[in-house]
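Reader: I am new to this structure. Please walk me through it.

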Amino acid sequence: MTLRIAVCVKYVPDATGDRGFADDLTVDRDEVDGLLSELDEYAVEQALQIAEEADEAEVTVVTVGPDDAKDALRKALSMGADKAVHVNDEDIHGTDVIGTSAILAKALEKTGFDLVVCGMASTDGTMGVLPALLAERLSLPQVTLLSEISVEDGLVKGRRDGDAATELLEAPLPAVVSVTDQSGEARYPSFKGIMAAKKKPVEELDLDDLGIDADEVGLAGSWTLVESAAARPARTAGTIVTDEGDGGKQLATFLSSQKFI
Amino acid sequence: MAEILVLVDHADGAVRKPALELLTLARRIGEPTAVVLGAGEAAASIAATAGEYGAATVYVADGAEFAERLVVPKVDALTQIAKDKGVAAVLVPSSGEGKEVAARVALRLGSGLITDAVELEAGEEGPVATQSVFAASYQVKSRVSQGVPVITVKPNSAAPEAAPAAGTVENVTVAFTGNAAKVVSRTPRVSTGRPELTESAIVVSGGRGVGAAEGFEVVEKLADSLGAAVGASRAAVDAGWYPHSNQVGQTGKQVSPQLYIAAGISGAIQHRAGMQTSKTIVAVNKDAEAPIFDLVDYGVVGDLFEVLPQLTDEIGAR
Ligand SMILES: Cc1cc2nc3c(=O)[nH]c(=O)nc-3n(C[C@H](O)[C@H](O)[C@H](O)COP(=O)(O)OP(=O)(O)OC[C@H]3O[C@@H](n4cnc5c(N)ncnc54)[C@H](O)[C@@H]3O)c2cc1C
Ligand SMILES: Cc1cc2nc3c(=O)[nH]c(=O)nc-3n(C[C@H](O)[C@H](O)[C@H](O)COP(=O)(O)OP(=O)(O)OC[C@H]3O[C@@H](n4cnc5c(N)ncnc54)[C@H](O)[C@@H]3O)c2cc1C
């Protein structure tokens, strides 16, 4: 039996660029280049490793995003995923996380899967909740924030390093998992991989295909409302001294003036 | 007054500081009530503390499920209480687990969700949250426009203020649902005796510039002289010099202390995402061009192995 792995990947504005907001207070995607969220590379990597361990497996990458989000899918395909699903519809613009999870859940049901692999958080919204929301919507166990993961005999096992403790977790498939950046470096696409990716199938879906009403999603369908977004005032230039033997003492004087010592 | 439900985080039988901050923030938007889950015998003393910090009622639920299953039992409990009591908002600490619990509760309540608030105030149409986004380069104000607002709040978003209230304990029997992953084992983190990274007023962090695991000694000595927590950059963690649980940044802990001291850290965007909201920032770096100097209130261009020990000695002498 083929193990069907679906990987959710997000297309995000480059964190090293000048990120900001458009007039409608959604993320400005015109000013900054986009790319596959770096944290989703770890999800693709773990999916590929699980597939390599399985007798027979198929890895499908799924994204909800605008036209350019295809770049994120291509990157994942060039790393080695087999095929891709792109949910793209003008009415999705401005959807909040509850809405995004509704769209993704429908797309996953349509695609079919035994295991859903997500990143720990996107690098733009950084909410880190979408995998939990998918588990809730799909009525599946969540095995999330894993720094180690394995799939064997219909069970997914993993290690979760939480604030207070490290937990070993286990659940039967199908399940939703998310992996952290401690799960292992992601591979670079090879030249062969990049060429092969061009021929791999990318299925396009819109809201109609998923049976979702336009007014359930988008800015109007969101259950949250952004009232304002303001650039943080630039920090006033600090004092910078060069150590000439008394740098530690000068720093002590500064800390003392600020009442820290 | 409208009931604001606060999930009270606890560890080793004690309330964690972020929960006290939430109770303090809850008073700005209504009347705080608290939920204490899976605390066993410690529940009574945790509930008493919640009462001291303003909880009129403390809902207590116990059961092996909270420890044996991931996330879902807490979702079951919180959703049940929120529905039964008709609360006006649900506040949860912004930990990895806290955010997941909050998200599923929001979905079950048919509510919008806001994560990682750093500020909360009453608004005409419900609580308004401030988020610090894009590596703290933007401040966003948002609110939940559908359902009972579910909001997670980052540690250090308010100073806990005592405000004694009834703290009446009400025991709750939770109807647990299914589909939760099994916790096969749990190994509590061994305490270093130093303050918690996310809760500490002062953090001293070391980066690749520290050069080796042994190099962290100068960082730890400085931290101890200030009563501070120790942080690390991902480069230092990846090199195996310091545990991942001490990583500061986008994929580590997000800290917002009164004072952050970065030693041998260049200031990559992902590191800044975890410390840029610190009130006062100090850096020690050999390279005058390091991007971290763009953020600092005070910077020393110099060798951390010279500057840190001298500073530690000065502090000891004062
Ligand atoms: C700065 C900022 C703040 C925001 N705050 C809120 C908020 O408070 N409340 C709210 O409801 N919405 C918020 N949003 C919107 C929210 O980010 C989007 O709805 C988003 O699609 C889902 O949340 P996330 O990106 O934070 O996902 P996370 O939960 O951080 O993502 C985790 C994983 O889910 C998968 N995933 C996430 N999005 C997609 C996608 N589009 N396609 C495929 N896989 C995906 C990936 O595997 C990813 O690694 C915010 C957006 C931004 C940019
Ligand atoms: C998806 C993703 C997530 C990430 N998440 C995080 C995160 O959560 N946290 C994080 O920190 N990084 C994170 N990173 C990594 C980040 O991009 C940087 O690589 C990392 O922060 C660099 O660490 P550093 O500043 O210690 O090392 P470097 O950039 O190598 O800087 C070392 C600095 O030390 C100085 N130095 C050297 N010797 C001395 C000396 N003797 N005295 C004084 N100064 C000295 C050097 O001048 C230099 O500026 C992430 C990256 C990615 C792609």
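This is a predicted model: local features need pLDDT of at least 70, side-chain atom pairs count only at pLDDT 80 or more; totals for chains, interfaces and linings use all residues.

Author: Helices (H or I, at least four residues) and strands (E, at least two) are DSSP runs, numbered from the N terminus. Residues are numbered from 1 along each chain as its sequence is written, chains are lettered from A and ligands numbered from 1 in the order in which they are written, and side-chain values use heavy atoms, with hydrogens and water left out.

Reader: Which residues of helix 9 of chain B make the contact with helix 8 of chain A?
Author: Contact means heavy atoms within 4.5 Å. Helix 8 of chain A brings Gly247(A), Gly248(A), Lys249(A), Leu251(A), Ala252(A) and Leu255(A). From helix 9 of chain B come Val307(B), Gln310(B), Leu311(B) and Glu314(B).

Reader: How many residues of each class does the contact of helix 8 of chain A with helix 9 of chain B have?
Author: Ala, Val, Leu, Ile, Met, Phe, Trp, Tyr, Cys and Pro count as nonpolar, Asp, Glu, Lys and Arg as charged, and the others, Gly among them, as polar. By that scheme, the contact of helix 8 of chain A with helix 9 of chain B has five nonpolar, three polar and two charged residues.

Reader: Which chains surround ligand 1?
Author: A residue is near a molecule or strand if one of its heavy atoms lies within 4 Å of it. There are 31 residues around ligand 1, and Cys8(A), Lys10(A), Asp40(A), Ser122(A) and Leu113(B) come nearest. The site is shared between chains, because the residues surrounding ligand 1 come from chains A and B.

Reader: How far is a backbone N or O atom of Leu130(A) from an oxygen atom of ligand 1?
Author: A polar contact is a pair of N or O atoms within 3.5 Å; within protein, one must be able to donate a hydrogen and the other to accept it, and residues adjacent in sequence count only if both atoms are side-chain atoms. A polar backbone atom of Val9(A) is 3.4 Å from a nitrogen atom of ligand 1. For Gly119(A), a backbone N or O atom lies 3.0 Å from an oxygen atom of the ligand 1 molecule. For Leu130(A), the distance from a backbone N or O atom to an oxygen atom of ligand 1 is 2.8 Å.

Reader: Which residue has a side-chain N or O atom 2.7 Å from an oxygen atom of ligand 2?
Author: Ligand 2 lies between chains A and B. Of its 27 surrounding residues, the closest are Arg208(B), Ser233(B), Gln247(B), Ser266(B) and Gln270(B). A polar backbone atom of Gln250(B) is 3.0 Å from an oxygen atom of ligand 2. The side-chain atom at 2.7 Å belongs to Gln247(B).

Reader: Where is Pro174(A) found?
Author: A cis peptide bond joins Leu173(A) and Pro174(A), with omega about -5°. Pro174(A) sits in the loop between strand 9 (165-172) and strand 10 (175-179) of chain A.

Reader: Which strand holds Asp116(B)?
Author: Phi of Asp116(B) is near 60°, a positive value in a residue other than glycine. Asp116(B) lies in chain B, within residues 113-121, which form strand 7.
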